[in-house]
Amino acid sequence: MFQTFKEWFWLERFWLPPTIKWSDLEDHDGLIFVKPSHLYMTIPYAFVLIIIRHFFQKFIASPLAKTFGIKEEVQKKITPNTVLENFFKHSTKKPSQTDIYGLAKKCNLTERQVERWFRSRQNQDRPCRMKKFQEACWRFTFYLIITIAGIAFLYDKPWVYDLWEVWNGYPRQPLLPSQYWYYILEMSFYWSLLFSLGSDIKRKDFLAHVIHHLAAVSLMSFSWCANYIRSGTLVMIVHDVADIWLESAKMFSYAGWKQTCNTLFFIFSTVFLISRLIIFPFWILYCTLILPLHYLQPFFSYIFLNLQLMVLQVLNLYWSYFILKMLKRSIFTKSIRDVRSDSEGEYEEEEDEEEEEEKEEATGGKETDRLKNSLGADRHLIPNGQHGC
């Protein structure tokens, strides 16, 4: 059954233009052509990148973060409480005032103690700035290296300046060593991002990241097998060039260099919107969707390739919405915060509230707790469930 499926999966009519056979893409006269078996190497290379990332974050990113004044955050230990822990895990991380009142009675604690327990428990799951800086630093370094490599690989290629050359001679286009390493390293990187999603900081657009990484791997794998290498290299360079600025802006944001962060973010926004909303749809998609029709009749892989590119463009529009939202926020609040972060702003507010509560407790918070508890028995006398203090 597996052999039958394999034979059906690799039918020429799915992958290649009519009249073209796999035998036409066999190596000959010193010319090397793409082979699906080449993609096997992306998995071990992905694990190599994960190992490199571990040592990079430990010996380069961490010292760099400390140079910027970012320190390892020591989480405050909280008193174990089975009742509160079960409520936190199985009900909600942010209990209502009524829930707090009930839990306080059940645990023989004050309401303020319950509130502070939940706040401390939430802060335990909060990603620290050191980890966020390390992740951003690693991605910045890779995107910088791969973008420089991509420019070096492509600057002298005729299809960069004349899009008709992308399809000249297709699919009998030999594989160049620079194309091989550009593709393999890029795919290995996205595999490594997928493998590390569970340990990386989880943001609000976690699902979009999963879809993006899977779409990137799928698109690159498919374009490799169908020998869409020339158009594939153009897609990669257009998408990598903006990410450098985003990751550098994040690094300076975590370091507290707000003015530098804002400047880099505006550069990123400009590059992103131009590359993803202008160059990609009007240059790349035009190249893959319109120009092939002058050479070939539509066939399955041509349709599938463009469907994947359109999914990628939808994701570009999705992230453009967040970028414009951050730009709007920066204009009116004079600060840029990654709106994709998992309640990053809420954590900062909670830290401020906790500091204020500590000061209040040191100067009479206990009397406030007693007053709140004394009013608790007559809760129905307080309009809208508000506490009198």
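What follows is a chat about the helices, a cavity and some salt bridges of one predicted model.

Reader: Before we start, what rules apply to a predicted model like this one?

Author: In this predicted model, local features need pLDDT of at least 70 and side-chain atom pairs count only at pLDDT 80 or more, while totals for chains, interfaces and linings use all residues. Residues are numbered from 1 along each chain as its sequence is written, and side-chain values use heavy atoms, with hydrogens and water left out.

Reader: Fine. How many helices and strands are there in the protein chain?

Author: The protein chain has 14 helices and zero strands, where helices (H or I, at least four residues) and strands (E, at least two) are DSSP runs numbered from the N terminus.

Reader: And how much of the chain counts as buried?

Author: Of its 389 residues, 48% count as buried; buried means under 20% relative accessible area, exposed over 50%, and partly exposed in between, with a 1.4 Å probe and protein chains only. The accessible surface of the protein chain, from the Shrake-Rupley method with a 1.4 Å probe, comes to about 20900 Å², and 63% of that belongs to carbon and sulfur atoms.

Reader: What share of the contacts comes from residues 24 or more positions apart?

Author: Among contacts in the protein chain with a separation of 6 or more, such residues account for 79%, a contact being heavy atoms within 4.5 Å.

Reader: Switching topic, how many cavities of 30 Å³ or more does the structure hold?

Author: There are three cavities of 30 Å³ or more. On a 1 Å grid over the protein atoms alone, a cavity is a set of points where a 1.4 Å probe fits but cannot get out, and lining residues have an atom within 4 Å of a point. The second largest cavity contains about 190 Å³ of space, a volume being the space filled by probe spheres set on the points, which are joined across faces, edges and corners.

Reader: Which residues are closest to the centre of that second largest cavity?

Author: Its lining has 18 residues, of which Leu219, Met220, Val235, Met236 and Leu312 are the closest to the centre. The elements that give two or more residues to this lining are H9 (177–195), H10 (206–225), H11 (229–255) and H13 (300–333), and H11 gives the most, with six residues.

Reader: How does that lining divide into nonpolar, polar and charged?

Author: The lining of the second largest cavity has eleven nonpolar, five polar and two charged residues.

Reader: Now salt bridges. What is the count?

Author: The count is eight, taking a salt bridge as a side-chain nitrogen of Lys or Arg within 4 Å of a carboxyl oxygen of Asp or Glu. One of them joins arginine 172 to aspartate 24, at 3.7 Å from N to O. Arginine 172 lies in the loop between H8 (158–161) and H9, and aspartate 24 in the loop between H2 (12–15) and H3 (42–67), so this pair ties together parts that are 148 residues apart in sequence.

Reader: Are those two side chains buried or partly exposed?

Author: Arginine 172 counts as partly exposed at 44% relative accessibility, and aspartate 24 counts as partly exposed at 25%.

Reader: Which residues does arginine 139 pair with?

Author: Arginine 139 forms a salt bridge with glutamate 135 at 3.7 Å, N to O, and another with glutamate 247, where the closest N and O atoms are 3.2 Å apart. Arginine 139 lies in H7 and glutamate 247 in H11, so that pair ties together parts that are 108 residues apart in sequence, whereas arginine 139 and glutamate 135 both lie in H7 (residues 129–154), four residues apart, about one turn of the helix.

Reader: Buried or exposed, for arginine 139 and glutamate 247?

Author: Arginine 139 is buried, with a relative accessible area of 13%, and glutamate 247 counts as buried at 4% relative accessibility. Salt bridges that share partners join Glu135, Arg139 and Glu247 into one network.

Methods:
On a 1 Å grid over the protein atoms alone, a cavity is a set of points where a 1.4 Å probe fits but cannot get out, and a pocket is an open set with protein on both sides within 12 Å along at least five of seven lines; lining residues have an atom within 4 Å of a point. Ala, Val, Leu, Ile, Met, Phe, Trp, Tyr, Cys and Pro count as nonpolar, Asp, Glu, Lys and Arg as charged, and the others, Gly among them, as polar.
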